[in-house]
Amino acid sequence: MSDLLVFNKLTDHMRVRIEDVFAPTYFQTIDATEWLPLHGDTIRFILTDGPTGVPSEVLKQLPNAEIISNVGVGYDGVDTVITTERGIPVCHTPDVLNEEVATTALMLYLACWRNLEAEMALARSGRWGSEGNLPLPRTPENRRVGILGLGRIGKAVVRKLAPWTTDIVYFGRSKQDIPFPYYSDLIAMARDCETLVCIAPGGDATRNLISREVMDAIGPDGFLINVGRGSTVDEMALIGALQEGTLGGAGLDVYVDEPHIPSALRSLPNTVLLPHIGSASIETRRAMADLAIDNLIAWKEGRPLLSPVPESASLL
């Protein structure tokens, strides 16, 4: 009898750990319309990841679900209003991925300023000898960088930017006790910085927060870097700003409708695009997986959860 429903893809390491403790069913292998009415009441534990989440219509058919564990720090694919109402705690995997995602943000930052994608394409093309070098790019040194989402990952980004710039400003819901200028107005911050790095979480509160007005405020010589969630950026407005040159360029790891990147965005020369690999190293992904599974095991054994999301604090 199954007690765990798994929505996300698993590595061999994860599968071994899970099957040693639980009796899992893998959502992608079943006909949900037939399986859920017959077996949904046996499920106590749920494992998923940020991009996959847990569809609310499926959760309704799991009346005895006790916990949802999410591989990833972002959990906007889980409706925490519903889970809180039902008394189901949700866990995620903060901290273990901070440095890796921050490194990805730094790579995008450097790649945008130094035009690395075009430079590498020239080197591979065989045209370097006949065409010569590309126009000189601008330096990433000593730029003013605005951070949208100065949480755990944001602070790691700041540390990694330190060799290039210490001119950091930030926007958030409230001022923090840190030695960087705070902006309560995102457009004003965008106007005053040369790169805006977005590490904000997804959800309704941040949807399209980076609007065309924000992009235009960054300006034709500035860059937008996004390693948070695609939903924070008005993607169609972004395409327009990049096409018209009111925004200088963008380095993106996340998109609105993953894994689908609009063709108009893919065709733009002033972008550096990654396929959502912010935390994608062997070591970091394994640490994330272990923490997600450790939360499930802790709950099963009656021990405190290791990393519940803030919305579940009232349930514990």
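Me: Is Asp 204 buried or exposed?

Reply: Asp 204 is exposed, with a relative accessible area of 69%, where exposed means over 50%, buried means under 20% and partly exposed lies in between, using a 1.4 Å probe and protein chains only. Please keep in mind that this is a predicted model, in which local features need pLDDT of at least 70 and side-chain atom pairs count only at pLDDT 80 or more, while totals for chains, interfaces and linings use all residues. Residues are numbered from 1 along each chain as its sequence is written, and side-chain values use heavy atoms, with hydrogens and water left out.

Me: Ok, and which side chain does Asp 204 meet in a salt bridge?

Reply: The side chain of Asp 204 meets that of Arg 207, at 3.1 Å from N to O; a salt bridge here is a side-chain nitrogen of Lys or Arg within 4 Å of a carboxyl oxygen of Asp or Glu. Arg 207 counts as partly exposed, because its relative accessibility is 46%.

Me: How many salt bridges does the count come to?

Reply: By this rule the count comes to 15. One of them joins Arg 144 to Asp 167, whose closest N and O atoms are 3.2 Å apart. Arg 144 sits in the loop between helix 7 (128–131) and strand 6 (145–148), and Asp 167 in the loop between helix 8 (152–161) and strand 7 (168–171), so this pair ties together parts that are 23 residues apart in sequence. Helices (H or I, at least four residues) and strands (E, at least two) are DSSP runs, numbered from the N terminus.

Me: Which residues are linked in a network of salt bridges?

Reply: Arg 17, Asp 290 and Asp 294 are linked in such a network.

Me: New topic: what volume does the second largest pocket have?

Reply: Its volume is about 240 Å³. On a 1 Å grid over the protein atoms alone, a pocket is an open set of points with protein on both sides within 12 Å along at least five of seven lines, whereas a cavity is a set where a 1.4 Å probe fits but cannot get out, and lining residues have an atom within 4 Å of a point. Grid points are joined across faces, edges and corners, and a volume is the space filled by probe spheres set on the points.

Me: Which element gives the largest share of that pocket's lining?

Reply: Helix 5 does, with three residues. Of the 18 lining residues, the closest to the centre of the second largest pocket are Cys 112, Trp 113, Asn 115, Pro 137 and Phe 223.

Me: Last one: where is Leu 316?

Reply: Leu 316 is in the segment after helix 13 (282–300), and it counts as exposed because its relative accessibility is 54%. Leaving aside neighbours within four places in sequence, Leu 316 is in contact (heavy atoms within 4.5 Å) with Pro 89, Trp 299, Leu 305 and Pro 308.
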